[in-house]
Amino acid sequence: MTVWDMHCDMCGRLVPAPSGAAGGPLAGVRFVYHPGSPSMRDDSGLACRSCWTEAAPAARMDPGHCAVCAAPVTRVSSLHVRPFDSPDATWQLCEPHAVEFLNRLRTVQPKFDPVGFRLPLHTEDAPSQDRQNGPGENEG
Ligand SMILES: [Zn+2]
Ligand SMILES: [Zn+2]
């Protein structure tokens with residue numbers, strides 16, 4: 001049995017689970033997002049209906065264009081968002097709209113700086129690569 005955080009990723013309200021029998025409609029929307037790279041996919045998104053509706057006012061599915069402002073985007077220069085159970089309903093979001101979306105999510109920490117935000121995201125986990133004057137580093 002899986003228990004996951006049943007709070008809206010945006011407003012933090014508890015999203016009521018279907019009562020009793022499985023298969024009842026969830027009072028929220030589970031969603032999946034990734035920045036054009038399946039390895040960075042996060043499929044644990046959950047939003048209550050009102051936040052989801054608000055986050056996607058007029059989002060249109062338009063491959064190659066931002067779902068909000070229709071700016072041309074490429075696969076890796078956009079954020080891909082879709083409801084968990086609707087593989088065909090993917091939106092692509094341009095950088096400004098991607099950062100706006102991501103920064104609404106409580107699970108996204110730290111928040112992105114809209115000014116410096118660029119897609120594709122760089123995912124190096126390497127800690128700061130300070131150049132230190134180490135003892136002679138020889139290549140090879
Ligand atoms: Zn909410
Ligand atoms: Zn846009």
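**Questions about a predicted model**

Author: This model is predicted. Its largest nonpolar core holds 26 residues, and Cys-8, Ala-47, Leu-79, Val-81, Leu-93, Ala-98 and Phe-101 touch the most other members.

Reader: Which elements each supply at least two residues of this core?

Author: Strand 1 (28–34), strand 2 (42–48), helix 1, strand 3, strand 4 and helix 2 do. Helix 2 gives the largest share, four residues.

Reader: What makes this set a nonpolar core?

Author: Two tests. Members must be buried residues of the kinds Ala, Val, Leu, Ile, Met, Phe, Trp, Tyr and Cys, and they must be joined through C-beta atoms within 7 Å. In soluble globular proteins, nonpolar side chains tend to be buried together.

Reader: Which residues of helix 2 are buried?

Author: Helix 2 covers residues 95–104, and His-97, Ala-98, Val-99, Phe-101 and Leu-102 are buried there. Buried requires 20 or more other C-beta atoms within 10 Å. An α-helix has 3.6 residues a turn, so residues three or four places apart point the same way.

Reader: What do the buried residues of helix 2 pack against?

Author: Helix 1 (49–55), strand 3 (79–83) and strand 4 (91–93).

Reader: Which residues is Leu-79 in contact with, leaving aside its neighbours within four places in sequence?

Author: Tyr-33, Pro-35, Leu-93, Ala-98, Phe-101, Leu-102 and Leu-119. A contact needs C-beta atoms within 7 Å, so each of these pairs meets that limit.

Reader: Why is Ala-70 called exposed?

Author: Count its neighbours. Ala-70 has 12 C-beta neighbours inside 10 Å. The limit for exposed is 12 or fewer, so Ala-70 counts as exposed. Ala-70 sits in the loop between helix 1 and strand 3.

Reader: What is the phi of Ala-70?

Author: Near 70°, a positive value in a residue other than glycine.

Reader: How do you know which peptide bonds are cis?

Author: Look at omega. From Gln-109 to Pro-110 the bond is cis, with omega about -5°. The bond from Leu-119 to Pro-120 is cis too, and its omega is near 0°.

Reader: Where are Pro-110 and Pro-120 found?

Author: Pro-110 lies in the segment after helix 2. Pro-120 is in the segment after helix 2 as well.

Reader: What is the order of the elements from the N terminus on?

Author: It reads β-β-α-β-β-α. That gives two helices and four strands.

Reader: What share of the chain is buried?

Author: Of the 140 residues, 24% are buried. As for contacts with a separation of 6 or more, 48% join residues 24 or more positions apart.

Terms used: Residues are numbered from 1 along each chain as its sequence is written. Chains are lettered from A and ligands numbered from 1 in the order in which they are written. This is a predicted model: local features need pLDDT of at least 70, side-chain atom pairs count only at pLDDT 80 or more; totals for chains, interfaces and linings use all residues. Two residues are in contact if their C-beta atoms, placed from the backbone, lie within 7 Å.
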